[in-house]
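Here is a short briefing for a first look at this structure. Please keep the sequence and the 3D view open as you read.

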Amino acid sequence: ALILGTGGAALAVAYVLKNLHIDFKFVSRFHNLTGYTYTDLDKQIVENYPLIINTTPVGMYPDVENTLPFPFQYLNKNSLCYDLIYNPEKTSFLREARRYAAVTKNGLEMLYLQAEKAWEIWNQ
């Protein structure tokens with residue numbers, strides 16, 4: 001998986017992927033020891049990581065037209081692009097991914113699942 005972003009949400013996603021034994025790399029605007037920068041991404045890298053998870057706030061309401069400098073042209077029908085953002089329902093990241101036949105999913109179901117778990121924890 002490629003995890004777009006390196007903040008707190010990215011670390012939570014990395015924790016889950018690690019527990020599921022899914023290899024991942026972070027993608028950031030700046031060089032780091034555990035991943036790539038957006039300018040590093042090429043066809044081979046993108047094709048080697050079919051799961052791409054956006055953990056950044058880029059494209060979130062109200063700045064809905066903003067998008068990441070991701071090379072969408074390397075996506076294909078084997079790519080799954082997941083955006084933690086749920087408002088708007090279809091972010092610029094997801095719209096661009098769909099243009100290249102990628103499967104897409106937003107973060108709304110994750111929000112519901114988190115709410116259900118919080119309700120369960122606080123009302124036991």
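Leu-80 stands opposite Val-103 in E6. The model is predicted: local features need pLDDT of at least 70, side-chain atom pairs count only at pLDDT 80 or more, and totals for chains, interfaces and linings use all residues. Residues are numbered from 1 along each chain as its sequence is written, and side-chain values use heavy atoms, with hydrogens and water left out.

**The sheet**

- An open sheet is formed by 6 strands, in the order E3-E2-E1-E4-E5-E6, with parallel pairing.
- E3 and strand E6 (103–105) are the edge strands, and each pairs on one side only.
- From one strand to the next, the twist averages 20°.
- Strands (E, at least two residues) and helices (H or I, at least four) are DSSP runs, numbered from the N terminus.
- Two strands pair if DSSP finds at least two bridges between them.

**Strand pairs**

- Strand E5 (residues 80–83) pairs with E6 in the parallel sense over 3 bridges.
- Cys-81 has Thr-104 opposite it in E6.
- E5 also pairs with E4, in the parallel sense, over 4 bridges.
- Asn-54 has Asp-83 as its bridge partner in E5.

**The helix across the sheet**

- Helix H1 (residues 8–19) lies across strand E1 (2–4), E2 and strand E4 (51–54).
- H1 runs at about 165° to E1.
- Angles run from 0 to 180 degrees between N-to-C directions, and axes are lines fitted to C-alpha atoms, for helices over the stretch in contact.

**His-31**

- His-31 lies in the loop between strand E2 (25–28) and strand E3 (35–37).
- His-31 counts as exposed because its relative accessibility is 67%, and exposed means over 50% (1.4 Å probe, protein chains only).
- His-31 touches Thr-37 and Asp-40, not counting residues up to four places away in sequence; contact means heavy atoms within 4.5 Å.

**The largest pocket**

- The largest pocket holds about 190 Å³ of space.
- Its lining has 13 residues, and the closest to its centre are Arg-29, Tyr-38, Thr-56, Val-58 and Leu-68.
- A pocket is an open set of points on a 1 Å grid over the protein atoms alone, where a 1.4 Å probe fits, with protein on both sides within 12 Å along at least five of seven lines; lining residues have an atom within 4 Å of a point.
- The volume is the space filled by probe spheres set on the points.

Key
Buried means under 20% relative accessible area, exposed over 50%, partly exposed in between (1.4 Å probe, protein chains only).
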